[in-house]
Amino acid sequence: MTAKKVLSEKVKALFALKVSGIAADLEVPGFAFFCGDNRLMDVDEVADLSHELESLLASLLSSKDPTDLSSAAFMATKDFFGNLSQKVLMRGGRVEDVVRYTQTLQLALIDALAKNSGIAFGQSRSVLVYFTGIFNELIMAVFGAYLEEREHTLQAQQAELKETATPITEIWDGVLTLPIIGTLDSSRTMLVMEALLNRISKDHARTVVMDLTGVKSIDSQVSHHLIQMVRAVQLMGSDAIITGIHPEIARALVSLNIDFTNITTRASMSDGLKEAFVRMGITVSH
Amino acid sequence: MSIPGLHLTQIGHGDFLLDPSKSLNIRDRDSLIERVTAHLLQARAARLYYDLSDLALIDPLYYAWLDALARAARVVNVTMICIGMQPSAAFALSKFMSGKPAFQTALAIDGWHK
């Protein structure tokens with residue numbers, strides 16, 4: 001058994017309205033929030049937006065059940081606000097602007113409907129409750145789009161960071177170089193290892209020269225990860241050459257009892273490359 | 001030659017390729033090692049290439065099998081070379097392995113050099 005919704009006279013009148021000619025009233029909040037100093041939209045764009053919104057609201061209010069938040073008409077309105085939020089954020093706007101616009105729009109809409117119909121919707125508690133429910137959901141859609149956009153931005157930044165943290169270059173056919181600069185912590189070492197192993201597999205690299213000139217300090221855990229990285233490279237069938245180990249790092253590795261017996265080291269990147277060429281039978285002449 | 005779970009093919013003078021299939025039962029490793037080494041001895045093999053390209057992960061049990069096979073091959077004067085190890089398998093293996101493995105590694109058959 002389904003409970004029948006009891007609607008007040010004002011709400012019934014609202015749902016019976018033929019909504020039209022309110023686009024100009026809906027433009028006002030758009031001008032205030034998007035055409036000010038921030039210049040997120042131009043006047044024509046706000047006008048188009050308001051016309052689209054008028055048509056969406058007309059569809060919602062004339063739908064079979066305007067209180068149904070899962071109806072196609074409501075979902076279309078929700079998508080409109082989600083897209084608007086995304087558009088504003090992509091243009092450098094703030095989520096607060098879209099939220100304030102949506103809140104102001106609610107009041108502008110009630111005033112416009114009252115003005116056009118001559119019914120005092122603004123003084124009806126049930127009409128206000130209905131619109132508050134609808135607009136709260138729309139604000140949620142705005143926040144949803146904002147969070148999604150933020151998530152995309154963070155993912156893009158992480159991907160960029162990953163790319164710059166692992167500048168693997170194929171310097172010669174089958175020879176990869178990996179200069180490591182900055183602090184080498186466990187998560188970064190794992191990141192570097194993943195990228196390096198995948199690159200070896202992709203390029204069929206026979207030798208990898210890892211240059212630690214830019215690494216100033218190393219701890220026990222990281223040195224173990226480094227050894228693990230070299231071991232994984234060797235397991236894939238490539239040679240690993242470590243270059244540019246600072247005296248402080250050499251001392252730290254000794255005091256940490258790290259076994260470098262099966263690892264080839266060279267003083268500098270150029271020595272490492274020479275060793276890689278010798279192993280591959282390549283002669284470079286001046 | 002086909003041993004249950006393993007395909008052993010001669011690919012050149014003294015070179016053999018060992019291709020494991022999904023039906024390989026490494027719990028039966030003693031019998032498998034005996035059959036492989038018997039064939040290598042008979043064929044006067046020098047190198048045994050073990051193809052790992054279809055293996056996404058190597059666990060300690062599988063590593064023990066590879067280690068035992070490599071050591072057995074060395075006893076009959078055959079060098080075992082694991083080829084085509086996937087990045088995920090190399091990563092997993094490097095985490096629990098300590099020291100040098102009993103087998104050698106190469107990217108592919110033609111990538112191995114003494």
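A crossing of two helices is right-handed if the near helix is turned clockwise from the far one by less than a right angle. The views below come from a predicted model.

**View 1. Helices α4(A) and α5(A) pass each other in a right-handed crossing.** Helix α4 covers residues 72-90 of chain A, and helix α5 covers residues 95-117 of chain A. Their axes come within 9 Å. The crossing angle is roughly 145°. From α4(A), the contact draws on F81(A), L84(A), S85(A), V88(A) and L89(A). From α5(A), V95(A), D97(A), V98(A) and T102(A) take part. By class, the contact residues are 6 nonpolar, 2 polar and 1 charged.

**View 2. The largest nonpolar core holds 59 residues.** L196(A), V208(A) and L48(B) touch the most other members. Helix α8 of chain A, residues 220-235, gives the most to this core, with 6 residues. Nonpolar side chains tend to be buried together in soluble globular proteins.

**View 3. V208(A) and the residues it touches.** Residues up to four places away in sequence are not counted here.

**View 4. Another core, of 36 residues, lies apart from the largest one.** Its members include L14(A), F33(A), L49(A) and I134(A).

**View 5. Chain B meets chain A through 15 residues from each chain.** On the side of chain B that touches chain A, α3 (87-96) and β6 (104-106) each supply at least two residues. α3(B) gives the most, with 6 residues. This side of chain B has 9 nonpolar, 4 polar and 2 charged residues. The mean pLDDT of chain B is 90. Of its residues, 96% reach 70 or more. The model scores ipTM 0.86 and pTM 0.62.

**View 6. A16(A) in helix α1 of chain A.** The helix runs over residues 9-16. Is A16(A) buried or exposed? A16(A) counts as exposed, because it has 10 C-beta neighbours inside 10 Å and the cut-off for exposed is 12 or fewer. S62(A) is 46 residues from A16(A) in sequence. In space, the two are 6.9 Å apart, C-alpha to C-alpha.

Note on methods
Residues numbered from 1 in each chain as written. Chains lettered and ligands numbered in written order. Predicted model: local features only at pLDDT ≥ 70, side-chain atom pairs only at ≥ 80, totals over all residues. pLDDT = per-residue confidence, 0-100. Helix = DSSP H or I, 4+ residues; strand = E, 2+ residues; numbered from the N terminus. Buried ≥ 20, exposed ≤ 12 C-beta atoms within 10 Å, placed from the backbone. Contact = placed C-beta atoms within 7 Å. Nonpolar A, V, L, I, M, F, W, Y, C, P; charged D, E, K, R; others polar. Core = buried A, V, L, I, M, F, W, Y, C linked by C-beta atoms within 7 Å. Axes fitted to C-alpha atoms, helices over the stretch in contact; angles between N-to-C directions.
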